[in-house]
Structure formats: C-alpha cells, structure tokens
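Have the sequence and the 3D view open side by side, and let's go.

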Amino acid sequence: MGCGDEVCAADETCASCANDCGLCPDLCGDGTCDASELCSTCDADCGICPDTPVTVTRGPYLQSGSSSGVVVRWRTNENTDSVVAYGDDPTSLTNVAASSTTTGEHAVRIDGLAAETRYYYAIGSSTAALVGADDDHFFTTAPQAGAARPTRIWVLGDSGTANDNARSVRDAYESFTGSRGTDLWLMLGDNAYSDGTDDEYQRAVFDMYPDTLRNAVLWPTLGNHDGHSADSATQTGPYYDIFTLPTAAEAGGVPSGTEAYYAFDYANVHFVCLDSYDSNPDPNGPMMTWMENDLAATTQPWIVAFWHHPPYSKGSHDSDSEGGLEDMREFALPILESYGVDLVLSGHSHSYERSMLLNGHYGRSGTLTGSMMIDSGDGREGGDGAYLKPGSTTEGAVYIVAGSSGKTSSAPLDHPAMYISLLELGSVVLDVDDARLEATFLDDAGSERDTFTIRKD
Ligand SMILES: [Fe+2]
C-alpha cells in the first residue's frame, strides 16, 4: 500500500512506499506508520497520509437478501472503495466482492451464493479491512423459495424513539431469541422519530440494533414520520438513501419498479410491503395493480403483507375516521384476501391490537358481522384452537397492529374485530414452520402477552 492510499497500514514504512514522502514516519520518529497517527498532528503535514483514520460509522447492515445474494452496506467517515471478503470460516474469507467507486456510503451486492448457508464476512477497502472476520459478522442466505424451513421473523413497529423504551423491547427480544437468532426482520414504519432524518436513523436504528443489523436482512416500510423527509415518487430522502430494497424482484415476486413497495420470498413465505403514506392507494393505481399481479404470480403457501397505516385500529389512530387507514382497508384488503393473505402487519397506533380470523370486513367497525369472523376464538392450541386454513382454503386472515416498539399512546382499544388489544410496549415474533404459523407478542419485560397459531394442514 502506498501513502496515496486512503489509510495507513500499521506495518507500512515509508521506505517501502512508492510515493515515499520522506516525512511522516521520519518525523514521527518511530520508523513506521501508525493507523491512528494523523498528518494533521504532524508538524510537517505532507498531505499524502490521511488526515483522519478511516472508521466505520454505520453498520454493517444487510439488505435485499435472497437465496443466492445479499447487499452489504456500511458508512465510513472517509471516502474509500468498497470490499467485502466472505467465506464459510471467519479466519479464511476466501471470496471477495468489491466496488471501485470511492464513497462513504458503501453498498456491495454479493451474488452467486449457496442457499441457506452461513457466510462470515469482513468489510473495508482495497487497502484495509475495517471490521469483521470474526464470529460476530455473518449473514445466512435464505432458503430456496418454496422450501419449508423453520423461519423466525422479528417485527418492530414505530420503534424509532431511540430511547429506553426501544432498548427494553430490543433487549427482551434478544434474550427471548438467544442463540436461535433472527432469520429476517421487519420495520413497520416510523422507524426514526420525528422526521426520519439521517441523524435520527443513526440513533433510532443503527445505534439501537447493531447486532441484528449485521446478521439478519432488514425489510422496512415507510411510515408517516419517515415520509416527512422522504419522497416516494422520486425515491429521494434519507429513507430511500439508507435502504436498498428490491425494485426488480431481486428476492422474488414481481418487479415493482420502486423501493416504495416491493415483494420478496423467504422459504415458503411470500412477503408484500406496501407504502401506505406516500404512494397512490387507488385500487387501479400502480401500487395496487402491481400487488395484484404479484399475488397472482406467487405459488407460496403463506402470504404476509405489511405497511404502516392499520386497516383496523382503535388505538392512537382510528380506522373509522382517518383516510389513510380507510384507504388501505377498502382498497388493499379485497385484493389481498382474494389471493388468500394470511397475516397483515401494521403500526402507526402505539398499541398492540390483534384480530380474530377475518374475511370480507372492508367497512367501518360498526359494519362487522358474524359472517366476517371466520373464527372468533383466541387462535390458541391450548385454548379455543388454532385458526385453520386447510388445503386450498383462501379465506381468513389475522390483522396485527404492532406499533408499540418505541412508545405507547392511550386510546379506546375497542375495535370489535380485535380478539385482544394491549397498551404495552413490545414486538412481535413470527415462527413459520411448514404448514404452521405461530405469532407471539413479546412485551418489554420479556413476557409473552399474546400468542396465536394459523395451521394449513
Ligand atoms: Fe405513524
């Protein structure tokens, strides 16, 4: 490595450098460059060595993962090229993916990976590795679409408070999942209060969840607070800068052509993410048209949809009187239910509200009838019994509002479609295993406050 490179290597001497400036090491007097030694602290600043050491200031974090690829992202304080070294042994990372573009916002797509395989990795530049090559830095590729594999999904809603509430919800989940880990995780919007700025994302997401970020692919949706500083039509603003989301069906589904809404597959689950804040919800608009095409094309047994504004809520937002919520209920639900959606996840209301097994409820809460309740029981195998969707049955979906991962806001919590409504901090854990989906609401003290099961066998 020469002095003209972005970083000093600890074992580099001026004498071995093609651009030997003859100044730094000599003046430093120790005969070697020191990675923490700055030209600006040198009386004869030669301007060749870096003024600041290169450090990772964000991430690494994982995006758009599939059974054959993933995008590794991170931020550095100084611009460099980008290198990810990866392999099946943290002490022998024999493969390299790289980008020669000099940047502080690094995004390296790795392709050609084996499915359901753990890869250890390190990030850095062509001149120096920065972090990784240890037991803590790994990603695991998804199973092939359609393969039934035990899958754990962590779901956070309105988590962006960057405070002790979010920390306690995080810690409760981390201790709950332990060495089981997380296969993928969802953020249901309002990921960084109050305006989704880059600084707010740093505190509410990158400083809050570093462990999960570097090991599991994060799939977010846009909340209204994220939308204060982002624009879906132009795909601009911090939300769109920070996340690399599939526009061309890189992880399955039908290409959406936008990061605002997208689909992907993981094992035998098909996920659909909608933008309930800043994209046209019209049933004949681009988003719903794309969604219908995507749902028509999937052969996955499980369909999970998520977006920010809940179709049913009597939490801090009321689905009987707020347009954004009503639009999603009236326009998205008929399409989703006609293709057999199993579970819909939203946030926005800062509470946990979980419905019975429903079908065909597209009006206000007062229009709910008995025939719309496919199963009004608790959905628990130790109680009224699991919700059943045997064979090719398409009717029946559970709707969860999970917007209490960062704060709670008191409200009536009396929507008649809900089996249970709780004003508690927490997050949702989904476990899908073949023909069985189990959901758990885990509060911030680690207690399992609600569970239900959907079975297709
Ligand atoms: Fe919101």
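Strands here are DSSP runs of E with at least two residues, helices are runs of H or I with at least four residues, and both are numbered from the N terminus. Keep in mind that this is a predicted model: local features need pLDDT of at least 70, side-chain atom pairs count only at pLDDT 80 or more, and totals for chains, interfaces and linings use all residues. Residue numbers start from 1 along each chain as its sequence is written.

**The whole chain**

- Of the 457 residues in the chain, 51% are buried. Buried means that 20 or more other C-beta atoms lie within 10 Å of the residue's own; 12 or fewer makes it exposed, anything in between is partly exposed, and the C-beta atoms are placed from the backbone.
- Take the contacts between residues at least 6 apart in sequence: 67% of them join residues at least 24 apart. A contact means that the two C-beta atoms, placed from the backbone, lie within 7 Å.

- Most residues other than glycine have a negative phi, and most peptide bonds are trans.
- Another cis peptide bond links Tyr193 to Ser194, with omega about 0 degrees. Ser194 belongs to the loop between β8 (184-187) and α3 (198-206).
- Asp190 is also in the loop between β8 and α3. Its phi is positive, near 55 degrees, though Asp190 isn't a glycine.
- Is Asp190 buried or exposed? Asp190 is buried, with 31 other C-beta atoms within 10 Å.
- Gln235 has a positive phi too, about 55 degrees, and is not a glycine either. You'll find Gln235 in the loop between α5 (224-227) and α6 (238-242), where it counts as partly exposed because it has 15 C-beta neighbours inside 10 Å.

- Helix α7 has twelve residues, 286-297, and reaches 17 Å from its first C-alpha to its last, close to the expected 16 Å. That expected span is 1.5 Å times one less than the number of residues.
- Which residues of α7 are buried? They are Met287, Met288, Trp290, Met291, Asp294 and Leu295. These residues cover an arc of only 155 degrees around the axis, so they are on the same side of α7. The arc is taken from the directions that run from the helix axis to the C-beta atoms.
- An α-helix has 3.6 residues a turn, so residues three or four places apart point the same way.
- The cover over the buried residues of α7 includes β10 (262-266), β11 (269-273) and α8 (323-338).
- The axes of α7 and α8 come within 10 Å and cross at roughly 15 degrees, which means that α7 is roughly parallel to α8. Axes are lines fitted to C-alpha atoms, for helices over the stretch in contact, and angles run from 0 to 180 degrees between N-to-C directions. Under 35 degrees counts as roughly parallel, over 145 as roughly antiparallel, 65 to 115 as roughly perpendicular, and the rest as oblique.
- On the α7 side the contact uses Met288, Met291, Glu292 and Leu295, and on the α8 side Phe331, Ala332 and Ile335.

**Helix α3**

- Glu200, Tyr201, Ala204 and Val205 are the buried residues of α3. Looking down the axis of α3, they fall within an arc of 100 degrees, so they line one face of the helix.
- Part of what covers these buried residues is α6.

- His308 lies in the loop between β12 (302-306) and α8, and His308 is buried, with 31 other C-beta atoms within 10 Å.
- Beyond its neighbours within four places in sequence, His308 is in contact with several residues, including Asp190, Gly223, Tyr277 and His348. The C-alpha atoms of His308 and Tyr277 are separated by 7.6 Å, although the two are 31 residues apart along the chain.
- Asp378 is in the loop between β16 (373-375) and β17 (387-388). Asp378 is partly exposed, with 19 other C-beta atoms within 10 Å.
- Not counting residues up to four places away in sequence, Asp378 touches Gly383, Asp384, Tyr419 and Phe452.
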